[in-house]
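Subject: Structure handover

Hello,

Here is the structure I said I would pass on. My notes follow below it.

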Amino acid sequence: MRDATPDFEEFVAARSPRLLRMAWLLTGDPHLAEDLLQTALAKVWPRWAQISIDRPEAYVRRVLVNSHVSWWRRRWHGELPHDQLPEPPAAADPFDDVVLGQVVATAVRALPPRQRAVVVLRFFEDLSVEDTAEALGCSTGTVKSQTHRALQALRGKLPTRELLLDGGRRDGA
Amino acid sequence: MTGPEDTGWDPGAPEGDEDREVADELRVLLQLAAPHLPAPEDRMERVLARAARTRRRRRRAALAGGLAVGLTAAALAAAPALAPGPGGTALGPAASGPALGAVPPGARPSSVPPSAAPGAGSTGARTVRFTVLDDVAVDVPGGWYDLTVLPGVGQLDPVGYLASQRLAGGTGCPTRDGRQESVCLTAGTLLDDGVLVTLRLIRDPNAVGKYLGEVGTMQNMARDKDCEARGGTLQLFGSRAMLLNGRPEVVQLTACASRPTDETLTALSKLAASLRPAATAPDGSTVPTASVVPGGPRSPLAPTP
């Protein structure tokens, strides 16, 4: 086996934490997230010499998202997209990091995989519609419609900004 | 009426406001929710081990797939009257590599470095597989370079390049007329006996019908301005209809050559005749063997059929 080039090692060391968080949002599970990240990196490594040094993260991000969609098609994860999202735990404190993570992850995970990918790319990675379309290999119109549907599905299922602000004041008190 | 389906954000519409509100909250929530997970110390080793396993699996699959290639070629040769799809049936984009169109700008030239810039008549042919061109395979003379340019935003199809000289892509290319060239010859122009070949797909079933029976012979065509700009003295055109991913498609091949020798022209004919569908690995892997660079502006090197 060839040794990894310093470039690749540096990239993995520097960018993996962010990519792993993204993978977690896609999978909702830390082990699957690490598996997904390693899968993506293993796909990228043989082609590293051909990948631009300018924006390798965009390439890895795309491989990661597509790998996740591919997983979804090939494997049964016991998940099903639903029209109706589950309600967040009523008694939970939304400002508890763990609970907040669960609430958000549950809501995002209930989305179909492409919508989930759009949400993560647009609102976690903060990509433009155009960049998201490029990353997913689809049209900007598809990204817009998927975004709209995802946001419609998520409406009312997430802690609101007012609650967040209240929580912030409470925490600061 | 234009809804979100068409326009995405529309601040004037109620849906736009509501979407924007949810989106703003989502941005904050996702950042708060995504945990900072610990990294395994041996992540790099695991990644490299996975890559090695994949490489071994593909090698085995390629060996097994050789038989399938032969059978496919034999079937196509035995059935030249390949029927196009039903009238009016649009052939959708084929399933290509997972990274289609998302490669970042810039790329290095082909990973096959010849010791010198050989002409097309060089021996030691190898097979290049353009996975993103719906898995077309072609035999090229030894020492040639290959490169695939993925479609940029608003573009439809990738383009495959083969050349007897080193190719560069993306930021390795100069700008021309204010546009960054997607692919270029690192020498700037074609050397004597140098060739640049472009491969494109036509997925129109009606067009497929026109090319049935073509066996990949190359014919002279008028040089376009891009070929002239590259120092080409001769431009050739060929095409071949074949089943790719189970669908009838046409592979168009254009060659721009500079003072080609007879040997080079013969090699080009062989190259064109060798166009064929590549075997698909049993595991469904679609990793391209051709070097890949992103799209951007349509390459001025790419001819307009």
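Helices and strands here are DSSP runs, numbered from the N terminus, where a helix (H or I) needs at least four residues and a strand (E) at least two. Read in that way, chain A runs α-α-α-α-α-α-α-α along its sequence. That comes to eight helices and zero strands. Chain B, by comparison, has six helices and 14 strands.

Please keep in mind that this is a predicted model. For chain A the mean pLDDT is 76, and 69% of the residues reach 70 or more. Residues 85-95 of chain A have a pLDDT below 50, and this stretch makes 21 contacts in the model beyond near neighbours in sequence. Residues 167-173 of chain A are also below 50, with three such contacts.

Overall figures

In chain A, 46% of the 173 residues count as buried. Among its contacts with a separation of 6 or more, 61% join residues 24 or more positions apart. Chain B has 305 residues, of which buried ones make up 41%. The corresponding share of contacts between residues 24 or more positions apart is 72% in chain B.

Nonpolar cores

The largest nonpolar core has 58 residues. Those touching the most other members are A:Ala23, A:Leu25, A:Leu37, A:Leu41, A:Leu64, A:Val104 and B:Leu30. Helix α1 of chain A (residues 6-27) supplies the largest share of this core, with ten residues. Taking A:Leu64 as an example, and leaving aside neighbours within four places in sequence, its contacts are A:Leu19, A:Met22, A:Ala23, A:Leu36, A:Leu37 and A:Ala40. There is also a second, separate core of 46 residues, which includes B:Leu167, B:Leu199, B:Cys227 and B:Val251.

Helix α2 of chain A

This helix covers residues 30-44. At 1.5 Å a residue, its 15 residues should span 21 Å, and the end C-alpha atoms are 21 Å apart, which agrees. Eleven of the 15 residues of α2(A) are buried, so the helix is largely enclosed by the rest of the structure. The buried set includes A:Leu36, A:Leu37, A:Ala40 and A:Leu41, and also A:Glu34, A:Gln38 and A:Lys43.

Helix α6 of chain A

Helix α6 of chain A takes in residues 129-136, and six of these eight are buried, so it too is largely enclosed by the rest of the structure. The buried residues are A:Asp131, A:Thr132, A:Ala133, A:Glu134, A:Ala135 and A:Leu136. Just after the helix, A:Gly137 has a positive phi of about 70°.

On the α6(A) side the contact is made by A:Val129, A:Glu130, A:Thr132, A:Ala133 and A:Leu136. On the α7(A) side it is made by A:Thr140, A:Thr142, A:Val143 and A:Lys144.

One residue in chain B

B:Leu268 belongs to helix α6 of chain B (residues 262-273). Is B:Leu268 buried or exposed? It has 25 C-beta neighbours inside 10 Å, and therefore counts as buried, the cut-off being 20 or more. B:Thr217 is 51 residues away from B:Leu268 along the chain, and their C-alpha atoms are separated by 8.9 Å.

Regards

Conventions
Residues are numbered from 1 along each chain as its sequence is written. Chains are lettered from A and ligands numbered from 1 in the order in which they are written. This is a predicted model: local features need pLDDT of at least 70, side-chain atom pairs count only at pLDDT 80 or more; totals for chains, interfaces and linings use all residues. pLDDT is the predictor's confidence in each residue, from 0 to 100. Two residues are in contact if their C-beta atoms, placed from the backbone, lie within 7 Å. A residue is buried if 20 or more other C-beta atoms lie within 10 Å of its own, exposed if 12 or fewer, and partly exposed in between; C-beta atoms are placed from the backbone. A nonpolar core is a set of buried Ala, Val, Leu, Ile, Met, Phe, Trp, Tyr and Cys residues joined through C-beta atoms within 7 Å. The expected span of a helix is 1.5 Å times one less than its number of residues.
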